[in-house]
Amino acid sequence: MSLELAAWASRNGIKTDTTYIDDGDESAGRCLRASRNIRKGEKVLFCPPKFIINNQFIISHTNIGKYLMQYPQELDPMQLMMAFLILEFDKGSKSEFQHFILSLPKSFSLPVVWNRRIGELLPSELTGKYTDFCDYVKDCCCKVKKIAAEYNMSITSDEIMWAFCCVNTRCFYVAEHLSPLLDCSRIKNNMVLIPYLDMCNHNPDVCTDYDVNVDGCDIFATSDIEKDAEICLNYGMHNNYVLLIEYGFVCGNNSNDCVNFTEDDLIAALKGFSDKLKTSKEFSKLCKKELFFVSEGQPSWALVTMLAALKTNDFEYFFEQYFGGYLEFPRQPKLVEKVRDWKTNYYQELLGRLNELALDGEKDRQHREILRSLLESRIDMLKSVGEG
């Protein structure tokens with residue numbers, strides 16, 4: 001498959017002479033590696049504009065454009081890309097993208113595809129996002145089945161989930177014009193799918209960057225790359241919650257990682273102050289913004305000011321003053337420890353329940369290990385809170 005993809009790319013003007021495809025194993029998936037030493041600033045890959053798949057291309061070059069003329073704003077950018085993959089896959093050898101589409105992964109590790117029993121053990125700070133993802137996939141299923149029926153195609157929920165995972169894990173967001181034919185209420189940036197670039201895995205210590213413009217897409221080295229080293233991109237300054245829910249993996253030694261505390265977490269951990277917290281609009285608002293967290297062994301500013309205000313006789317007033325930096329305040333290490341210990345015990349309870357799950361399938365066991373890694377990394381981060 002890799003040789004066929006490389007031959008297809010070469011025939012169609014995709015510059016790949018500095019790289020080769022490493023098929024890897026099924027769990028790791030394909031990746032790109034340097035076929036020789038590459039110097040900083042050197043072009044690594046080039047994709048011509050005719051193979052940059054975005055909303056303008058799909059609407060102007062496929063029958064989906066005609067569908068949207070009849071049913072404007074029926075699809076959002078994600079659903080448009082999903083419909084494209086499914087319709088092109090159905091064309092088989094008649095699709096000019098056949099080799100690329102056949103190279104896409106067949107399985108994924110996003111929580112939305114997990115066994116529900118594993119998904120139910122995601123920590124509280126991910127529960128809302130997980131539920132939103134599941135609900136959104138159901139909506140995608142209805143929308144994509146409707147367009148498939150328009151072309152007399154019968155597709156399964158598994159095929160739609162495959163398309164969703166391909167788009168969610170392998171597309172890039174770019175600041176380009178979105179067609180008025182699309183529903184942009186949820187996704188406000190153009191999604192782009194670019195052959196070969198889609199195989200670049202995440203690494204915060206990035207070695208490449210890319211530029212998408214009217215002349216195509218250039219991928220260039222931002223540092224020297226040794227022969228056989230993996231060609232990576234930085235997906236963004238994401239914590240492991242985002243990497244897991246969006247891409248299906250967690251990253252060790254992630255400098256952007258943190259432990260988030262939900263509103264329910266803090267009310268449960270600080271039972272003696274629950275009445276103050278339950279009636280505070282400011283507290284609830286900042287919880288929704290995910291401003292209560294621990295990172296690099298330190299509680300966030302919102303968390304330390306909130307805990308300090310709890311010890312006053314007017315929580316709402318002093319929280320506003322402390323949080324805004326208008327008044328100095330005494331630190332409350334005992335309350336920090338209480339919150340830390342409650343959250344640690346919570347993660348340990350989830351780990352215990354995760355260990356007790358009887359799972360038969362290899363995929364289920366792989367997904368359990370991903371969740372275990374996330375939970376254990378939360379516990380490790382909390383251990384350093386209050387040290388020194």
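The model is predicted, so local features need pLDDT of at least 70 and side-chain atom pairs count only at pLDDT 80 or more, while totals for chains, interfaces and linings use all residues. Residues are numbered from 1 along each chain as its sequence is written, and side-chain values use heavy atoms, with hydrogens and water left out.

## Overall view

The protein chain has 16 helices and 12 strands; these are DSSP runs numbered from the N terminus, with H or I and at least four residues for helices, and E and at least two for strands. Its C-alpha atoms fill a box of roughly 70 × 50 × 50 Å along the principal axes. Among contacts (heavy atoms within 4.5 Å) between residues at least 6 apart in sequence, 69% join residues at least 24 apart.

## The core

In soluble globular proteins, nonpolar side chains tend to be buried together. Here the largest nonpolar core has 138 residues; such a core is a set of buried Ala, Val, Leu, Ile, Met, Phe, Trp, Tyr and Cys residues joined through side-chain atoms within 4.5 Å. Helix α7 gives the largest share of this core, 11 residues. Met306 is among the residues with the most contacts inside the core, as are Ile64 and Phe164. Leaving aside residues up to four places away in sequence, Met306 touches Leu266, Leu270, Leu277, Phe283, Phe292, Phe315 and Phe319.

## A strand with two faces

In a regular strand the side chains alternate between the two faces of the sheet. Strand β1 (residues 19–22) has Thr19 and Ile21 on its covered face, and Tyr20 and Asp22 on its uncovered one. Four bridges join β1 to the antiparallel strand β2 (residues 31–34), and Ile21 has Leu32 as its bridge partner there.

On a 1 Å grid over the protein atoms alone, a cavity is a set of points where a 1.4 Å probe fits but cannot get out, and a pocket is an open set with protein on both sides within 12 Å along at least five of seven lines; lining residues have an atom within 4 Å of a point. Grid points are joined across faces, edges and corners, and a volume is the space filled by probe spheres set on the points.

The second largest pocket is lined by 25 residues, and Asn168, Cys171, Tyr173, Glu246 and Tyr247 are the closest to its centre. Helix α8 (157–170) is one of the elements that supply at least two lining residues, and its four residues are the largest share.

The structure holds one cavity of 30 Å³ or more. Its lining includes Leu5, Phe100, Arg170 and Asp198.

In the table, Ala, Val, Leu, Ile, Met, Phe, Trp, Tyr, Cys and Pro count as nonpolar, Asp, Glu, Lys and Arg as charged, and the others, Gly among them, as polar.

| Space | Volume | Lining residues by class |
|---|---|---|
| Second largest pocket | About 460 Å³ | 15 nonpolar, five polar, five charged |
| Largest cavity | About 30 Å³ | five nonpolar, one polar, two charged |

Most residues other than glycine have a negative phi. Gln73, however, has a positive phi near 60°, and Asn152 has one near 55°. Gln73 is in the loop between α3 (64–70) and α4 (77–91), and is partly exposed at 48% relative accessible area. Asn152 is in the loop between α7 and α8, and is exposed at 75%.

Definitions and conventions. Buried means under 20% relative accessible area, exposed over 50%, partly exposed in between (1.4 Å probe, protein chains only). Two strands pair if DSSP finds at least two bridges between them.
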